[in-house]
Amino acid sequence: MTVVHGPEQIAAVLRGMADDPEVCGELVGAARSQSPELSRLAEEATRSHVAAMIRAAGPWFTALERPGAVEEQDFTAALLLGADRAVQGVAVTSVLRGVQAALARASEIAVDRCRGAGVPDRVLLSVVLRLQEYGNAVERHVVHGYRAAEHEAPRAMGALRTRLLRRILLGEVTPHAQELAQAGIRSDAAGRYHCLAAIPARRRSLRSAHAVTGTVDGHLAGLCPRPPGADEIAPDALVVVAPAAALSQLPARYRLCVRAVELGREQGMRGLYDVTDFAARLALAEQPLLGSLLSGRFLGELDPANEFHRQLALTARAFLDNGRRLDQTAAALFTHPNTVRYRLGRLRQITAAPLADGAPGPMDGLHWWWALTSWLDSPGPAPRD
């Protein structure tokens, strides 16, 4: 039987190399050995590109039999490799050193395997030349992908970070450490990060160099190894930060931050807060019916349409917010302590409930605060014609 040594047999050798994890690992090692910058990246960041480029070399050989078919070759893997390295900040010279080292080693392995398959030496010379042509084309496309990514880098990086934030904060697939590094998410927090939500949903709301931010479902979301400082918050922004936790625990904490930001926006709040500052508000917001029942119990005699009654309720809540201190309450309301005392007295006359007398327990104070907040937040009756 006559054995034909043609392009298909060489393409089969190359396909076998692409499917061989040991060969791919050896080529990755060759690239990393020639480029210190690449050696700092995880091997998996290069392995998939290497396998794809070797596999694409097979069609290159068969295409050479058809005039004009070379231009139709798929160099997507080379383009993506260049783009990825640009986003990662690896210098193009380091990228090319690694690519050239891997291609040279791939050529050596291909020649050895072809010889082992019985390909004669006179054919091997053609194999080497064609592999060299393929390598040159790969290098051109790597550079093209790198330069294209440089022009799109700010937009591409922003999109990358937003995708990762969605995956982390909304409880989707947890990214690998390498993906976090590509997005600029530092790993110096022992795997624990603070998540945050902010309004307005714009990047200048938060100017922290440590935070990776992006717009997620209408909110400015962020991830950082340490919480931002008050001087890093825009004057008109509200930022709510959760205590540090592992990535798997962040979705539940982020939901609390988003809810807290929404509650804070309704109340016109600004500045930097820990999510625990909203603990009572968050808990009470989840039970509106109980708040309504408490309002009916303590404040049933108040008329929501009466402005004086609303003034009494506002004063009573400020009194509780300021530790039942007349002087601090008066300062917060820009009025006199005697005015605060008078309003609290009138509230007691109308409701027959002792807000300021004695030393009520913490639960009594919480119930009063909840009743007042629920009453003040509820819409009054529609005006009559």
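**Entry 1: strand β1**

I looked up R192 and found that R192 stands opposite A246 in strand β5. The model is a predicted one, in which local features need pLDDT of at least 70, side-chain atom pairs count only at pLDDT 80 or more, and totals for chains, interfaces and linings use all residues. Residues are numbered from 1 along each chain as its sequence is written, and side-chain values use heavy atoms, with hydrogens and water left out.

I took helices (H or I, at least four residues) and strands (E, at least two) as DSSP runs, numbered from the N terminus. Two strands pair if DSSP finds at least two bridges between them. Strand β1 covers residues 192–199, and two bridges join β1 to β5 (residues 245–246) in an antiparallel run.

I then checked β3 (residues 219–224), which is antiparallel to β1 and joined to it by five bridges. Here A197 stands opposite A221. Strand β4 (residues 238–241) also runs antiparallel to β1, with four bridges between them. In that pairing A198 has V239 opposite.

Is β1 enclosed or open? Seven of its eight residues are buried, so the rest of the structure largely encloses β1. I used buried for under 20% relative accessible area, exposed for over 50%, and partly exposed for in between (1.4 Å probe, protein chains only).

**Entry 2: salt bridges**

I counted a salt bridge where a side-chain nitrogen of Lys or Arg is within 4 Å of a carboxyl oxygen of Asp or Glu. The count by this rule is nine.

One of them joins the side chains of R113 and D20 at 2.8 Å, N to O. The two lie 93 residues apart, R113 in helix α6 (residues 92–116) and D20 in the loop between α1 (7–18) and α2 (21–33). I found R113 partly exposed at 33% relative accessibility, whereas D20 is buried at 18%.

I next looked at R105 and E26, whose side chains meet in a salt bridge of 2.5 Å, N to O. R105 belongs to helix α6 and E26 to helix α2, so this pair ties together parts 79 residues apart in sequence. R105 is partly exposed, with a relative accessible area of 24%, and E26 is partly exposed at 35%. I also noted a network of salt bridges that links E26, R105 and E108.

Last, I checked R115 and D112, which form a salt bridge at 4.0 Å, N to O. Both lie in helix α6, three residues apart, about one turn of the helix. R115 is partly exposed at 44%, and D112 is partly exposed at 48%.
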